[in-house]
Amino acid sequence: MGVRFVHTADVHLDVPLSHLSLSPAKLAQRRAEYRETVARIFQLAQEKGAHLILIAGDWFEHDLVQKSTISFLRELCTRVAPIRVFIAPGNHDPALPDSYYRTVEWPENVHVFGGDWETVYLPELDCAVHGYGFDRYAVTESVVRAFENPVPEARHHIMVVHASLVQSEHAGEHDPYLPVTVEELAATGVDYVALGHIHKGQKIPHPAEPSRVLAAYPGSPEGLGWKEQGVRTVLYGELTERGVKLETLPVSRRAYVVRDVDVSGCETPEAVLERVMRQIREENRESLLRLRLVGQVDPALAVEVGWLRERLADAFFAVDVVSDVRPAYDVQQFAQEPTVIGGFVREALRRIDEAPDEREKRLWTDALHAVLDLHAYGRLVERG
Amino acid sequence: MIVRQLFIRGFGKWENATFTFSPGFNLIEAPNEAGKTTLLEALLAALYGLKRDYVSQRKFLPQYERYKPWTAKAYGTVVEYEVLGQVYRLERNLDRQKDESRLFLLPEMADITRQYPQDRRRERNFVEGQIGLNRTLFEQVAVLHPLPVEHADHLLDHLRGLSAFGDETSVAPLVEALEREIRAIGKTDRGQTPYAVVLREMREVTAEWERAQQRAARLRALEQEHRRVRTQLAEVERVVAACEERLARVRAEMRRLDALRAREQERQVLLERHQRAVAALAEWNEAVEQLAQLDKALAEVSHAAAYRPGDAERARELADRVARAEQAVAEWEARLAAVTEALKELEKDTPFTVDWRAVSAADWQAYERAVERWQEATARLAQVGEEKGHAPGAVDQGERAALRGALRALEAHQAELRALKERLAEAQRRRAAFEARRAALRDQQQQRADLARRVADKEARLRELRQRQARSGGKGIRRVGFALGAAFLALGGALALWRPLWGVLLAALGLAGLATGLRFRAAANGEETRAVLELLTREWEADRQALATLPTEDELARDDAELERQITEATREAEETARLVRGKERAVEQLLAQWNCADAEDFYALYHDTLREADERERQRLLREELQRQKGRAWETLAALLAAWGVVPEARDPVGQAERLRIERNAYAEAEAKRAALERERAALEQRLAEVRAELEADRAALADILARNGVETVEALAERAAAHRRWTALTAARSSVAERLEALAREGDGRARQAALAEVEEALASLSGVAAAEGEPASGQDVGEEAEEDPHAQDSASRGAEERVARISARLVALRREEEALKEELSRHAADRDRLRADASRLQGEMAALEGDGPGPADLRSRLEALRAEARRLDDRREALERGLALLREVAKTVHRDVAPVLNRLASEVMAHITAGRYDVRVNPNERMAVMAIEQETQSARSQDALSRGTSDQLYFALRVALLKRFSYRTPLPALLDDSFAHYDNERLRRALAYMGELAKTHQVLLFTCRDRERAVLRELGIPFTAIPLVREPVRAVALTSKS
């Protein structure tokens, strides 16, 4: 008989959602949606007849989580019994002495791993669940290397840990919180490592047997920013003698969507609005939508993103408008003039070219456009 | 740019005034204070308003306050001007409250205000946009002040821009706009800039976020604490339950032992009751016996029962008093007999010569006074009698009369002499006063003479002036006019007869001549002469009035003569008096010589010595006579009194007689006093004796009565009876006490009852022993864990056994109670712990609940904070971009163009060559705040500005200003405004400058304000066309004559 489990991580309950600029009511609704997603994951576990729910860290925000959220989670855990819930706290919800993991009485079916390797042997499944939880905000040492299996005789071995897989394709994007290599994971000898920390879902094959999955990041089950677009998922797995079989299940309540709108040729703000409206006609109204205005526009055209945001606010659950439009100044023409402006444009273009980073490039571009605006119109033209 | 017309609604002194200017040379000529500078300021305000440049908020120039309308209600201007062929009409309301400006395009009057953006000062760049200069720079460039240039930096920026932009635009507005935008974003948390607002809100939210975080941390800590408390509480509750169980066991044991001890105690009580019953029966029997014995004793003393207590003591006392009273009566009777004897003795002898009883105290005193007076008179007579025979002599009398006469004469002489001396002094004082008055009079005469001379002088001058006035001015013309008029008239009259037309013409000419004469007569008097004349006349009048108030010369002479006469008289009188004084002094000397005295003091001494001797002798004789009279009167008095008392007065020794009579009288008085005392003592003795006898009788009767009542003969027998009575009383009391006790005992129970009670107790004891036996164990020593081997049937030992058992049970109970107390204490300690923990738990829960509901959640706050941080970052970036743009622009402007100076110098040199006729050249240094320097062409030597004459210095600045004007006229020729700029030029310089301006006026509008008329003359002379702009002149007040003198 195999072991069935649901694997999730990185829910980040009660995370601040400042990038959405939501009204208080919608903000509260959006926060509730994160809780509903957790409830759906638990329900999924029940429906699938899972034995275990594995939560690989960053379940909630230690500093920001509301007591009511914790009460909600405890209630969920109680309801889901006899399914066993294993939690390996991450860098956002470390099991500090004052953590709710430590102060609240969790039901019997819940086990929270702490700052040492722990193993829970489940005799009915002949399965050992090994886990390590963050007991501080940062764990920089390679904890996995120190793992020793106290019950090697058990039939199944599952490991739950919040860790960043170094030398993977995400290297450098994440701080090395509990850094681990795939080789180190393979060396533990466990059948499956339920990982958390990286918000994009991915499966890590065993280095020795590439056909076999050794570990996986389930991804964040509900998007947390503009980079986490589309449907978000959890993993459902069955561990048997033949290895683990994973299934990706969509659970997110709402998706982040980013769209570029080319507003070239628009001469008035109204025209811009119309162009935008035409382009997003097909979009899901429930989405969290970001519109990026692009293209070359009349230098005199003021692109008021605030105004656009207001006009579109009712059409979607959340709309963000950013502008990347470029004024149609013929800078090369300016650069050829033997005047101060000519000299200025030449010099500014050189600096944009030589900018070491995006910010520098943007600042010099803005400086160039500001001077040209003032030169041409005696005022600055708003372009978002 | 050509200013066509300026209408002033209200600006300084100007109100509803219109000024129309021509495109070329305009000359505005008016005296000082006529409003030229105000007009110039009004023109600048009309074009640019009155706000400061280079600021990002509305701030007014000092001119705003300075040129507020004096009278007009509106503070505003309308200007019509032409730029590049377009004619504009710019209306401005300058009032701070109604600050508004509107620009119209003429002739269609199209409102084009909104084509010009409004900046943060609420100002639109009408003129600035059209000509490229703001107000500050326009003022520096267009107004050709002969002064150093201000705001040279900004001008330099512009000049650089001019070079760079090919005279098309300037970099300075760009720099300015960038600076403005940077300021608008803000850099600190002060003010209302978006950056400041964000920073402040961020600070607030951060504080709130920190509080929320603290709350969350606190909540977590509380949760931790709550968990700890719950664990402790469970432990304590278990301990409490164990304690309670142990306590219940101890208490059951205690209840069992309590029952056991109660039975033992009951047995003990019964044993005690048995003892008490035996004792009670014995007590009863003893009382009955006692009563019988007492009854027997009482029968023995029954005869003393009738005795009244106190009789024996009373009888003893009465007997003592009777004995004492009898002794006192005997003593007093003896004393009375002695007194009576003494009285009789006193009555026996009365050896007095006078019946003193008949002599009153008053008569006696009168007699004694008479004797004293007689004695005193006799004594004094004896004193004065020694000088008998010294009567005053006749010689004394004559000398005294002569002395008195001389004294009177001397006094009279001296009085007269004093009067005469006073008269002399008075006369001298009068003369001195008269002389002082004469001196004052002489002064007055002098003053009057001076005044009179001045009046005469002024009269003479007045006369002369009037004559001159009459002669001057019109004199010649008048005479010629009259003469010619008369001649022509005569000739005309003559000709009229012959040639009427020529005659009439000539007559008309004659009449004209006459009229001319008359006019000059009326008008030719010089004003100056008239003023002097008036002043003189006024002064002359004043002097004349002063003279009139002074006395005339005649009066003064008369006063002088009178004073002279009085002085003479006073002198004469003084001399006469002095003569009399000398005569009188001689008379006094003669008189004193008669008495051989050197002076009056000697004479007075002589007079007083002589007179005192004579008076002393006379006085003693008179005294003796008076004393004789007093002595006679005293004798008469005393003789009369003695006769009345039947005594012969002794003429030889009345004093001795009086002494004898006084002794006799004193003896009489002493005997009288003694007799009265004896009489009083006898009366008192008799009264006291009577009283004591009465008391004695009463006491004897009372004593007899007491003895009779008790049936005894003597006081001693009565005492025995009293002793018997005391014994009887004691026995009676003892008996009644015993009887009472018996009665009391009977109330508790009589003999039978007590026997019955004893029997009952004995039965109960037997019954209890039966119960204990029935329970199987004797009152259980074994219960308390000890053996009790005792005989239950023996009363005493039973009692002792019961006591020991009770003691053992009690000891066990005490131990149990101690254990119970310890348990209770332990329990209460644990219960307190439990309660405390429960309270802690509920407090923590309450606190957690309160914290949960308190304030916005940390996530929301963090969300807000992050949004604000993003906004602050955005603003930082935006400012950073603008700052980079600004810095780069400046850098480029600096590096690309450095050719400002040559152009400016070329222009300035042209001007300088023109206006100094090639004598000087000029060097402008734009980088040194437009400093200027002159180069003398002849020597090619540089001369700094302060080494030049004022005129040349002014020329230097003129050249610089014109150069700037030309340089900045790249869009449209700017007008040249000159406000008395040539004031320090000599005529030659002025000619050259105006000649140059004439040339300039062909391309630039020129507005020249001046207060002198030489500019007009030079322009005419040079043939330069100009338009004179009249300023409405206010009437100038005529200058009063008096103010000139």
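**Two kinds of interface, and how they get their labels**

Visitor: How many salt bridges does the rule find across the interface of domain 1 of chain A and domain 2 of chain A?

Guide: In this predicted model, the count there is 0 salt bridges.

Visitor: Why are residues of domain 1 and domain 2 of chain A said to be in contact?

Guide: Contact is judged on heavy atoms within 4.5 Å, and 16 residues of domain 1 of chain A meet that test with 11 residues of domain 2. Together the two domains bury about 1,100 Å², with 61% of it on carbon and sulfur atoms. In domain 1 the most area is lost by Lys26(A), Trp226(A) and Gln229(A), together 53% of what that side buries.

Visitor: Now the two chains. How many residues of chain B are in contact with chain A?

Guide: 42 residues of chain B touch 43 residues of chain A. About 3,700 Å² is buried between the chains, and carbon and sulfur atoms give 61% of that. Arg220(B), Arg884(B) and Leu888(B) lose the most area on the chain B side, together 19% of what that side buries.

Visitor: Why is the pair Asp860(B) and Arg31(A) called a salt bridge?

Guide: Their side chains meet at 2.4 Å, N to O. The cut-off is 4 Å, so Asp860(B) and Arg31(A) pass. Between chain B and chain A the count is 10 salt bridges, and 13 residue pairs are in polar contact, both at pLDDT 80 or more.

Visitor: Which elements give two or more residues to the side of chain B that touches chain A?

Guide: Those are helix H6 (171–185), helix H7 (194–300) and helix H20 (858–896) of chain B. H20(B) gives the most, with 19 residues. By class, that side of chain B has 20 nonpolar, 7 polar and 15 charged residues.

Terms used
Residues numbered from 1 in each chain as written. Chains lettered and ligands numbered in written order. Predicted model: local features only at pLDDT ≥ 70, side-chain atom pairs only at ≥ 80, totals over all residues. Heavy atoms only, no water. Buried area = accessible area lost by both parts, 1.4 Å probe. Polar contact = N/O pair within 3.5 Å; in protein donor to acceptor, adjacent residues only side chain to side chain. Helix = DSSP H or I, 4+ residues; strand = E, 2+ residues; numbered from the N terminus. Nonpolar A, V, L, I, M, F, W, Y, C, P; charged D, E, K, R; others polar.
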